[in-house]
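Student: I would like to learn how to read a structure feature by feature, with the general idea stated before the particular case. Could we work through one together?

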Amino acid sequence: MSEEGPFRRLLNYMRPHRRTVRLASFCSIFNKFWDLAPPLLIGLAVDVVVLREDSTLASVGVVDPWHQLVLLSVLTFLIWGLESLFEYFYGVLWRNLAQTVQHELRLDTFDHVQQQGMAWFDERQKGDILAILNDDINQLERFLDKGANDLLQVSTTVIVVGAVFLLISWQVALFAVLPIPLIVWGSFRYQRSLEPRYATVRAAAGQMNALLENDLSGMATVQSFTAEANELRRVEALSDAYREANREAIRLSAAFTPLIRMAILVGFTATLLLGGWFTLEGTMAVGAYSVLVFMTQRLLWPLTRLGETFDLYQRAMASSTRVLDVLASPIELKQGTFEPEDEAEKTSPISLSDVTFGYPDRTVLFDKLSLSFEAGKTTGVVGSTGAGKTSLIRLLLRFAEPQDGDIVWCGAPLDTWNLQVLRSSIALVDQHITLFPTTIMENIRYGRPSATDEEVIEAAAVAEAASFVRLLPKGWETLVGEGGHRLSGGQRQRVAIARAVLKDAPLLVLDEATSAVDNETEAALQRSIERISRDRTTIVIAHRLSTVRHADRILVFEEGQVVEDGTHDSLVVEDGVYARLWSVQTGDTR
Ligand code: M5T
Ligand code: MG
């Protein structure tokens, strides 16, 4: 999506932490610096016992060999102390940074995801987004935790060892150390070819997550269709694709360490032979020779680990691309600034004029639809399934945007409204009710988080929910389970109505809100709704016509068009679609 490489993008994202990154890098480098000192100390020690009064230490003024050894011991203590200190610091800094970046990235991404319009979610799978918010962000944490430090320390090792070799003998350095930066550079290039492979791995992981998420949330359907074996096969296929994608990556990345080892072997042998020969010839001191031999050893371990580190790096880059792509995905929903004056919503109608709307890849649903919901009145909306009733509500909430035409409320087109204000002005009982896996009390309180327990109970009474809740063993503290599945369909609806009642918004929208309750409860709810919808703009969508019978006005929808418009009585007289439906529902077969 972006022109920049993932590493640059990540660095950009981490800009606010650049001081910590610098400090942590400093500690990593200095820890390595002191960690590389022991071979030098060994060299100096050998120098002392072989050359005594002519040793290197003697040339700086400490002539007595015994004093030289004491000085060496003090130095050793100091160096080890410094090394440990810096190790502690870099550990604390990198690991906390990893935690902080992971935390912030997760919050930022989730915040961004929450601002996306419904169209954005329609294009994606929940499980995949979940994988990004969890796995991919964790992958990044893993790299910052260890990988960044490893990369810095390898670089320091190569530079310091190179410098020591050059100082002692440029001829040996030529063979032993000079090829190393080339090897590192080459292997980095080599590992680059892993990048697309890891991108495939991450995409496969997202796919699998999405399927698992679907299966788990639809487990009742899976089991009722005895489709377990089939689902297992589907999971197997995706899991296999994931394994295969990893195999592709492993094939390349596993060859890496052996290759590096061979390269170091060349350096080690060169040091051994060439350095040994110089020492035998007498042109190199014994101490210097031992420094070289021990130093090449120091290269071996971090360089062989380089493969692992680059691997971690490439995985992290594949993951950070996914995360940063989500963060960079534009928020299509236009945010306006309009806020109505006090109470204006209560007195302003909602008017649609020439609204044209269709879902992506579908035929046009509303073609120049014009209608108006009168303020303070109840409008019933009926019509056959798929006629566009719910879609109309989605337009009001701006879950979808019309391609043409305007929807105006309080004198302002909806897309000029402040989105939060608009949505807080609408209390919706959705056709597909979502309750959260907490108590009934908390689910109702979702309508207005500041409400007291008494207010919640009052709203529940209006929604005819209080009576059934009281009969539950745990009453208001009953847990409703994921999505509210531990309640019956009708109970769930009443909790959702209570939630909307508590919200006390100027516009109340009930989309098939009473479809699952029995006739008696419906009649009771009817009276409650009549009471709360008094002086409030209300839209009631229903298939059961008794629900809308007393509405001030009824709109009959067919294929995205209003085909009839009137009161119950006038529509029955009109003898059209509504009258036909009414006679079917009342069993009146004239
Ligand atoms: C109207 C289609 C749907 C139908 C038409 C929500 C949604 C609907 N549609 C899409 O293509 N994508 C979507 O995301 O639009 O659908 P509706 O407005 O939901 O119809 P309804 O509320 O009148 O029907 P019902 O069954 O709830 O009474 O063609 O496929
Ligand atoms: Mg609907």
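This is a predicted model: local features need pLDDT of at least 70, side-chain atom pairs count only at pLDDT 80 or more; totals for chains, interfaces and linings use all residues.

Student: Where is Leu419 placed, and which residues does Leu419 touch?

Tutor: Leu419 belongs to helix 17, which covers residues 419-424. Once residues up to four places away in sequence are left out, Leu419 touches Leu333, Gln335 and Arg398. As for Gln125, which is 294 residues away along the chain, its C-alpha atom is separated from that of Leu419 by 25 Å.

Student: How should I read the nonpolar cores, and which residues touch the most other members in the largest one?

Tutor: The general idea is that nonpolar side chains tend to be buried together in soluble globular proteins. Here the largest nonpolar core has 47 residues, of which Ile440, Ile444, Trp476, Val548, Ile554 and Tyr578 touch the most other members. Helix 21 (residues 489-503) gives the most to this core, contributing seven residues. There is also a second, separate core of 32 residues, which includes Leu392, Leu395, Leu397 and Leu507.

Student: What does Ile440 touch, if residues up to four places away in sequence are not counted?

Tutor: Counted in that way, the residues touched by Ile440 include Val469, Leu472, Trp476 and Val495.

Student: Turning to the metal, which residues coordinate the magnesium ion?

Tutor: The magnesium ion (ligand 2) is coordinated by OG1 of Thr390 and OE1 of Gln431, at 1.9 to 2.2 Å. The pair links distant parts of the chain, 41 residues apart, since Thr390 lies in helix 16 (residues 389-396) while Gln431 lies in the loop between strand 6 (426-429) and helix 18 (440-445). Thr390 is partly exposed, at a relative accessible area of 26%, and Gln431 is likewise partly exposed, at 33%.

Student: How is a pair of helices described, and at what angle do the axes of helix 9 and helix 10 cross?

Tutor: One gives the approach of the axes, their crossing angle and the residues that meet. The axes of helix 9 (residues 179-192) and helix 10 (residues 194-217) come within 5 Å and cross at roughly 35 degrees. Tyr190, Gln191 and Arg192 of helix 9 meet Leu194, Glu195 and Pro196 of helix 10, a contact that by class has three nonpolar, one polar and two charged residues.

Student: Finally, which domains does the assignment give, and what distance separates their centres?

Tutor: The domain assignment gives domain 1 (6-328) and domain 2 (357-425 + 537-590). Taken over C-alpha atoms, the centres of domain 1 and domain 2 are separated by 61 Å.

How values were computed:
Residues are numbered from 1 along each chain as its sequence is written. Chains are lettered from A and ligands numbered from 1 in the order in which they are written. Side-chain values use heavy atoms; hydrogens and water are left out. Donors are N, O and S atoms within 2.8 Å of the metal (3.2 Å for Na, K and Ca); water is not among the atoms, so sites may look incomplete. Helices (H or I, at least four residues) and strands (E, at least two) are DSSP runs, numbered from the N terminus. Buried means under 20% relative accessible area, exposed over 50%, partly exposed in between (1.4 Å probe, protein chains only). Domain bounds come from an automatic or database domain assignment. A nonpolar core is a set of buried Ala, Val, Leu, Ile, Met, Phe, Trp, Tyr and Cys residues joined through side-chain atoms within 4.5 Å. Contact means heavy atoms within 4.5 Å. Axes are lines fitted to C-alpha atoms, for helices over the stretch in contact, and angles run from 0 to 180 degrees between N-to-C directions. Ala, Val, Leu, Ile, Met, Phe, Trp, Tyr, Cys and Pro count as nonpolar, Asp, Glu, Lys and Arg as charged, and the others, Gly among them, as polar.
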